[in-house]
Amino acid sequence: MPRTAFERQLTGLEEDLLVMANLVETAIVRSIDALKNRDVELAHRIIADDVRINERRYAIEENCLELMATQQPLAGDLRTIVAALHITVDLERMADHAEGIAKIALMLADEPPLKPYIDIPRMAEVANRMLMGALEAFKHRDARSAREICTHDDEVDALYDQVYRELLTFMLQDPRTIQRATWLLWVAHNLERIADRVTNICERVVYLVEGHVQELNVSKY
């Protein structure tokens, strides 16, 4: 295959990955909206849309494997394809976490509110900001930005700790809150894992640019 045609395929691969990332970002935002607004219809839509995201993952993976098998790419081109393979898996897992939040939103829809949603939306906001930053770093091959983005995972962890302590207090004070508090803990856990997945993407950006795998912002957990 002529070099120009191969480059077009690589560009198309990256564009497909970014389209998938936008769907994931939308799923995360909508899952928190469904939770806050008790929007059952929106929650069901998020769950249904997860199938589309899964399909995109498999299509991108097939494209990556086909390029490796038929073009035998070397050096930077191979790193691009390998990074895309790993990133698409992390994106699909993030969508699963958003789907999990949507399912919890359904379970909480008919329950009396336990508390105002403050820190959980903050977690989602930071995690989504990290995701968008990581994708910009990927587009621009910016390893420095990728490293900086990972430091914001500490914000998400701190908010998770705060949510955990607060919900544990509810459970200790009133056993009737245990089920609702547990579901909200799972929401916070899903958001914490989304931020961890963004860190994985940033590590792939560093690999893409510098040619080595480096573990970034090692979790305290």
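Helices, for these notes, are DSSP runs of H or I with at least four residues, and strands are E runs of at least two, both numbered from the N terminus. I was working on a predicted model, where local features need pLDDT of at least 70 and side-chain atom pairs count only at pLDDT 80 or more, while totals for chains, interfaces and linings use all residues. Residues are numbered from 1 along each chain as its sequence is written, and side-chain values use heavy atoms, with hydrogens and water left out.

**Entry 1**

Setting aside neighbours within four places in sequence, Leu131 is in contact with Ala21, Val24, Glu25, Ile28, Leu91, Met94, Val198 and Ile201.

**Entry 2: Thr88**

Is Thr88 buried or exposed? I use buried for under 20% relative accessible area, exposed for over 50% and partly exposed for values in between, with a 1.4 Å probe and protein chains only. Thr88, which is found in helix α3, has a relative accessible area of 0% and is therefore buried. Not counting residues up to four places away in sequence, Thr88 touches Leu17, Met20, Arg57, Ile60 and Glu61.

**Entry 3: salt bridges**

I counted a salt bridge wherever a side-chain nitrogen of Lys or Arg is within 4 Å of a carboxyl oxygen of Asp or Glu, and the structure holds 15 of them.

The side chains of Glu99 and Lys103 meet in one at 3.8 Å, N to O. Because these two residues are four apart in helix α3, about one helical turn separates Glu99 from Lys103. Glu99 counts as buried at 15% relative accessibility, whereas Lys103 counts as partly exposed at 41%.

Lys115 forms a salt bridge with Glu166, and the closest N and O atoms are 3.6 Å apart. Lys115 lies in the loop between α3 and α4 and Glu166 in helix α6, so this pair ties together parts that are 51 residues apart in sequence. I recorded Lys115 as buried, with a relative accessible area of 16%, and Glu166 as partly exposed, at 30%.

In the pair of Lys139 and Glu136, the closest N and O atoms are 2.8 Å apart, and both residues lie in helix α4, three residues apart, about one turn of the helix. Lys139 is partly exposed at 39%, and Glu136 is partly exposed at 36%.

**Entry 4: the end of α6**

Last, I looked at Leu172 and Gln173. Leu172 is found in helix α6 and counts as exposed, at 68% relative accessibility. Gln173 is also found in helix α6 and counts as exposed, at 65%. From Gln173 to Val82 I noted 91 residues in sequence and 50 Å in space, C-alpha to C-alpha.

Conventions. Contact means heavy atoms within 4.5 Å.
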